[in-house]
Amino acid sequence: MNRTLAQALPLREPIQVSGGTRAWRQLKRNRAGLVGGAIIALFLLAGAFASYLAPYGPYDTFLERSLEGPSRDSPLGRDELGRDLLSRLIYGARLSLVIGVIAVAIGVVLGVPIGALSGYHGGAADLVVQRIIDVMLAFPGILLALIMVAILGVGLTQIMVAVGIVSVPTYARLVRGQVLALRSQDFVEAARALGARTGRIIVHHILPNTLAVVIVQATLQVASAILSAAALGFLGLGAQPPAAEWGAMLSSAKQYLRLAPHTVVFPGLAIMITVLGFNLLGDALRDAFDPRMRVS
Amino acid sequence: MWAYIAKRLILTVPVLLGVSFVVFAIVRVLPGDPAQVLAGEAATKELIEGLRRDLGLDRPLLVQYVDFLGSLLRGDLGRSIRSKIPVTSELAIRVPNTMILALAGITVATLVGLPAGIISAVKPYSLIDTGVMLLALAGLSMPVFWSGLMLILVFAVLLGWLPAVGTGTPAHIVLPAIAVGMTSAAIIARMTRSSMLEVLRSDYIRTARAKGVAERVVINRHALRNALIPVITVIGLQTGTLLSGAVLTESVFAWPGVGRLMVEGILARDYPLVQGAVLVVALSFVLVNLVVDLLYALADPRIRYE
């Protein structure tokens with residue numbers, strides 16, 4: 001009975017649909033956002049079809065061609081072990097995107113429920129959770145990631161977890177703020193009056209309305225996750241050689257800066273362009289979803 | 001105002017306790033026996049036993065934590081496993097270097113970011129605005145360790161104008177300061193632009209223009225002063241971030257600061273050193289944020305009456 005009534009009433013606000021459509025139209029008009037989307041699509045394709053696109057395998061070693069500059073055979077040159085840089089960058093795209101997406105997924109999966117429950121229930125639990133978040137936010141991101149690595153150890157899986165956990169407080173804070181604003185709205189009151197259980201109210205009525213901010217944050221967070229993972233790789237605390245991870249590639253290339261600058265220039269450019277793509281798309285999404293921007 | 005300061009100070013206490021607990025926990029949550037970890041892999045059984053007794057690892061966790069807090073307050077952070085000298089002595093050498101780099105970095109960031117943001121806001125959606133904002137976004141997207149290496153490549157290797165790594169002369173700080181300040185410059189430019197744009201749209205600016213005030217005066221005297229309040233906060237927060245976030249820049253430029261000490265500690269599994277470095281960095285971050293909050297309340301009465 002409740003279910004039928006709840007479905008009959010426009011509990012999820014009809015604006016939600018047109019809001020999304022309007023945001024999509026707005027996004028399509030944003031040229032910077034489209035460029036960002038195109039960059040991401042390009043890197044996704046490169047990562048997905050790495051084995052078809054890369055002229056060499058990521059670990060194919062040609063010691064006699066060590067540190068060779070760009071040539072027709074290998075357009076971006078070769079590294080200290082004579083491995084083709086372009087091929088390693090293409091395989092690295094797969095690795096960086098996987099790290100970025102998994103780290104963000106960890107952040108969202110842990111942070112969103114914590115924020116939603118904390119904000120919806122309030123009281124002592126909320127107070128405790130918020131103080132824990134305060135403490136986590138008291139550590140700058142890179143420091144928290146370093147602490148996690150000190151505890152978890154060095155490696156690829158460890159950095160995904162470390163970078164993911166570092167972003168948990170951000171999502172928890174963000175979603176809590178949204179839930180606090182939403183929980184006293186009429187459509188939530190209506191659902192409650194119709195006898196909907198807490199879990200159902202949070203999952204079906206409140207969380208869909210926080211989706212926009214979470215998507216924007218997650219997009220921007222992929223950018224910072226890729227940067228953090230590369231930073232840890234660069235410090236020798238993330239992916240380990242011979243992995244074709246961009247940060248780790250820079251770490252081993254830095255000693256050849258004078259001899260073979262191309263080994264340093266291209267991995268850094270790859271990181272920068274990918275991160276720029278996510279930043280452009282994230283900014284455009286925020287503009288599209290933020291009503292204040294729409295008015296102006 | 002005093003009530004606000006008191007409230008803000010009281011709120012800092014649980015955060016500081018939490019920070020100290022995290023630092024305390026670093027060694028205790030490691031897999032395996034903390035005494036074994038602290039003593040190193042080559043340690044003898046007697047050494048490990050001695051260390052376990054010294055650290056009081058056989059006592060309840062809460063007692064251990066209270067003891068740890070006591071040592072912190074006495075300024076005792078233990079000894080480095082690697083060098084055997086007290087962690088506080090190691091930190092005393094490194095902290096000033098990190099502070100110098102952070103100050104130089106924030107100076108570069110402000111000198112670049114502030115004017116860039118103002119120019120962008122005064123001519124919104126123009127070619128120059130688009131250019132500045134694209135540059136700012138590129139600055140945000142650039143890994144700081146890579147921009148550091150690029151600066152070394154251009155100014156030290158190719159042009160030979162500046163020293164690549166190390167310390168000693170004022171010239172040594174130029175490249176690290178630019179590298180570490182670049183991201184902050186981008187953040188300051190973006191914040192200045194959006195804050196200026198918001199102020200420039202407000203009614204009192206329209207009034208000033210309507211009564212014929214010269215545009216230069218409108219920008220400098222009417223708009224900039226109000227727009228700068230949130231920007232100053234961002235500059236303060238960035239200073240805190242630079243104090244802690246110089247880890248990468250310090251590694252690239254072999255700058256002997258706290259960040260590099262921490263990475264060396266992690267790689268060498270020198271946990272007392274890691275604990276000391278984490279504590280100093282987190283404390284300075286919390287304290288800088290506190291000072292920024294208080295200054296913000298001084299500058300903007302709306303905050304303290306909320």
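These are my notebook entries on what I looked up in this structure.

**Ground rules.** I kept in mind that this is a predicted model, in which local features need pLDDT of at least 70 and side-chain atom pairs count only at pLDDT 80 or more, while totals for chains, interfaces and linings use all residues. Residues are numbered from 1 along each chain as its sequence is written, and chains are lettered from A and ligands numbered from 1 in the order in which they are written.

**Chain A.** I looked up the secondary structure (DSSP runs, H or I of at least four residues for helices and E of at least two for strands, numbered from the N terminus) and found 13 helices and zero strands in chain A. The C-alpha trace of chain A spans about 75 × 45 × 35 Å along its principal axes. I then noted that 47% of the 296 residues of chain A count as buried, where buried requires 20 or more other C-beta atoms within 10 Å of a residue's own, with C-beta atoms placed from the backbone.

**Where the chains touch.** Taking contact as C-beta atoms, placed from the backbone, within 7 Å, I found that 34 residues from chain A and 37 residues from chain B take part. Helix 12 of chain A gives the most to the side of chain A that touches chain B, with eight residues.

Notes:
Contact = placed C-beta atoms within 7 Å. Buried ≥ 20, exposed ≤ 12 C-beta atoms within 10 Å, placed from the backbone.
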